[in-house]
Amino acid sequence: MEKECIFCKIIRNEIPTPKIFENEKFLAFLDINPVNFGHALIVPKEHTETIISAKSLILREMLPVSKKIAAAIMEARKAQGFNLCINNYKAAGQLVPHLHLHVVPRYDADSVTIDKQKTKKYLPGEMERLASQLKEILMK
Ligand code: AMP
């Protein structure tokens with residue numbers, strides 16, 4: 001755990017965030033600046049910056065977690081597809097130096113790009129409602 005890392009703070013419940021999945025090694029929560037509603041982040045609880053520094057076991061276990069989360073997001077958001085993306089280092093657009101896998105729901109012709117200026121805003125309460133819906137789907 002890194003004291004000042006924003007994702008470590010979320011893991012330690014120091015920053016309230018609507019969480020959608022948690023197990024011993026990973027936490028998943030909704031991105032606060034979604035490129036499409038339902039955009040989620042999966043983070044290993046053990047702090048590491050990129051896939052280069054991550055333990056191979058964590059990388060192996062992250063994909064099966066993403067499969068569950070992506071299926072739940074597809075169902076809840078009636079998405080037609082999804083992207084999995086990891087930005088590694090600042091030059092590649094990594095803003096938070098704690099490894100995280102983006103799960104982005106996609107729709108035919110939704111014109112989504114990786115341009116971070118084009119994010120959407122949840123209305124008050126919407127993010128919490130969607131997180132509860134996803135949690136329910138994930139518990140089925
Ligand atoms: P990256 O650019 O790959 O490092 O992505 C970091 C992501 O973390 C961005 O999409 C941010 O919107 C998201 N983010 C930053 N702070 C929070 C937060 N407190 N809760 C949820 N998502 C966050």
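This is a predicted model: local features need pLDDT of at least 70, side-chain atom pairs count only at pLDDT 80 or more; totals for chains, interfaces and linings use all residues.
Biologist: Which residues of α3 are buried?

Modeller: Met127, Leu130, Ala131, Leu134 and Ile137 are the buried residues in α3. They cover an arc of only 125° around the axis, and therefore lie on the same side of α3. On the other side of the helix, Arg129, Glu136 and Met139 are exposed.

Biologist: Two of the packing partners are strands. How do β1 and β2 run, and how many bridges join them?

Modeller: For strands in general, the side chains of a regular strand alternate between the two faces of the sheet. In this model, β1 and β2 run antiparallel and are joined by 3 bridges. A hairpin of 3 residues leads from β1 to β2. Phe21 stands opposite Ala28 in β2.

Biologist: Which salt bridge involves Lys25?

Modeller: A salt bridge is read from the distance between a side-chain nitrogen and a carboxyl oxygen, with a cut-off of 4 Å. Lys25 meets Glu61 at 3.1 Å, N to O. Because Glu61 lies in helix α2 and Lys25 in the loop between β1 and β2, the pair ties together parts that are 36 residues apart in sequence. Glu61 is partly exposed, with a relative accessible area of 26%, and Lys25 is also partly exposed, at 27%.

Biologist: How many salt bridges are found in the whole structure?

Modeller: The search finds 8. Among them, Arg12 and Glu14 meet at 2.7 Å, N to O; Arg12 is partly exposed at 28% relative accessible area, and Glu14 is partly exposed at 46%. Asp110 and Arg106 meet at 2.8 Å, N to O. Here Asp110 counts as buried because its relative accessibility is 19%, and buried means under 20%. Arg106, at 22%, is partly exposed.

Biologist: Where is Met1 placed, and is Met1 buried or exposed?

Modeller: Met1 belongs to the segment before α1 (6-11). Its relative accessible area is 53%, so Met1 is exposed. Leaving aside residues up to four places away in sequence, Met1 touches Cys8, Ile11, Arg12, Lys45 and His47. Met1 and Thr113 are 112 residues apart in sequence and 32 Å apart in space, C-alpha to C-alpha.

Key: Residues are numbered from 1 along each chain as its sequence is written. Side-chain values use heavy atoms; hydrogens and water are left out. Buried means under 20% relative accessible area, exposed over 50%, partly exposed in between (1.4 Å probe, protein chains only). Helices (H or I, at least four residues) and strands (E, at least two) are DSSP runs, numbered from the N terminus. The arc is that of the directions from the helix axis to the C-beta atoms. Contact means heavy atoms within 4.5 Å. Two strands pair if DSSP finds at least two bridges between them.
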